Amino acid sequence: MISHSPGPTLRLQALRALQVQSWPDKLAAVAAIDELAPVDALALLSEPAGLPGRPARPELVLPDQLAPRPVHTPEGRAAMLHALAHIEFNAINLALDAIWRFSGQPEAYYRDWLRVAREEAHHFDLLNRHLATLGSAYGDFPAHNGLWEMAEKTRGDLLARLALVPRTLEARGLDASPPIRRKLAGAGDMKAAAILDIILRDEIGHVAIGNRWYRHACEQRSLDPVAAYAELAQRYGAPKLRGPFNLEARRAAGFSDAELQAL
């Protein structure tokens with residue numbers, strides 16, 4: 001009888017996908033992760049150099065160096081869609097990082113973030129394909145690195161990562177999505193508006209996953225979620241959240257009334 005050695009664990013596959021630099025290869029690597037592979041939650045994986053893998057372009061600049069462009073022009077719509085695609089590309093890397101970096105979590109935690117990585121990859125693909133119809137592609141415009149910078153700050157603390165990436169920076173997308181959709185629809189780009197509908201639907205689920213595991217981590221440490229969030233936001237210099245807030249989407253994503261009042 002021939003025995004087959006098991007393949008790489010889910011966490012190791014996520015780390016390898018995170019290292020991939022080109023976006024087509026990264027999408028393929030995420031799709032190829034074996035969701036039935038053992039997780040090996042207790043393994044301590046060493047961090048390789050060069051994370052996250054990303055293409056040489058887009059050029060990364062400070063946020064205030066990104067000039068707004070009017071969405072009623074094809075170039076302006078392309079710039080806006082490129083900014084959204086860049087957020088989704090970062091979100092792929094963030095989900096992969098959440099899988100490999102943090103050991104000792106329940107198996108469901110790792111399966112949840114694999115689902116997120118795959119849905120973020122789908123969002124990126126939708127946006128990049130639509131960019132092509134406007135004569136552009138990912139990498140054609142400069143972008144900023146705010147999402148990953150917060151990931152770097154919180155690399156040593158899962159509670160902080162969950163509080164300040166999915167529940168703060170990504171939750172801001174729930175607020176921003178409706179006005180961006182209105183701008184794109186107003187410019188006559190109904191295809192882009194439909195893509196925003198898909199993204200908002202899925203992102204509610206992603207923020208809900210962040211809320212679920214943030215509360216789990218708070219329970220593990222006997223912390224009050226609202227008080228812990230305020231302390232973490234101050235300690236790590238999280239951006240101050242400003243309205244208007246998409247309260248309906250935030251409630252659907254699992255924010256409590258006390259958390260919404262704290263906004």
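**Entry 1: the cavity**

I searched the whole structure and found one cavity of 30 Å³ or more. I worked on a predicted model, where local features need pLDDT of at least 70, side-chain atom pairs count only at pLDDT 80 or more, and totals for chains, interfaces and linings use all residues. Residues are numbered from 1 along each chain as its sequence is written, and side-chain values use heavy atoms, with hydrogens and water left out.

I noted the terms. On a 1 Å grid over the protein atoms alone, a cavity is a set of points where a 1.4 Å probe fits but cannot get out. A pocket is an open set with protein on both sides within 12 Å along at least five of seven lines. Lining residues have an atom within 4 Å of a point. Grid points are joined across faces, edges and corners, and a volume is the space filled by probe spheres set on the points.

The largest cavity has a volume of about 90 Å³. I counted 14 lining residues, and the closest to the centre are Leu94, Ala98, Trp113, Pro166 and Glu170. Helix 3, helix 4 (107-133) and helix 6 each give at least two residues to this lining. Helix 6 gives the most, with five. (Helices, H or I with at least four residues, and strands, E with at least two, are DSSP runs numbered from the N terminus.)

I sorted the lining of the largest cavity by class: 11 nonpolar, no polar and three charged residues. Here Ala, Val, Leu, Ile, Met, Phe, Trp, Tyr, Cys and Pro count as nonpolar, Asp, Glu, Lys and Arg as charged, and the others, Gly among them, as polar.

I moved on to the second largest pocket, which holds about 400 Å³ of space. It has 17 lining residues, and Tyr229, Ala233, Leu241, Ala262 and Leu263 are the closest to its centre. Helix 6 (158-169), helix 9 (225-235) and helix 11 (257-262) are the elements that give two or more residues. Which helix gives the most to this lining? Helix 9 does, with five residues. By class, I listed 12 nonpolar, one polar and four charged residues in the lining of this pocket.

**Entry 2: two residues**

I picked Thr168, in helix 6. Is Thr168 buried or exposed? It counts as buried because its relative accessibility is 0%. (Buried means under 20% relative accessible area, exposed over 50%, partly exposed in between, with a 1.4 Å probe and protein chains only.) Leaving out residues up to four places away in sequence, Thr168 touches Ala163, Tyr229 and Leu241. (Contact means heavy atoms within 4.5 Å.)

Next I looked up Ala91, which lies in helix 3 (residues 74-101). Ala91 has 5% relative accessibility, so it counts as buried. With residues up to four places away in sequence left out, Ala91 touches Glu120 and Glu170.

**Entry 3: the whole chain**

I counted 11 helices and zero strands in the protein chain. The radius of gyration is 19 Å, close to the 18 Å that the globule rule gives for 263 residues, so the chain is as compact as a globular protein of that length. (The radius is taken over C-alpha atoms, and the rule is 2.2 Å times the number of residues to the power 0.38.) Of the 263 residues, 49% count as buried. Among contacts with a separation of 6 or more, 81% join residues 24 or more positions apart.
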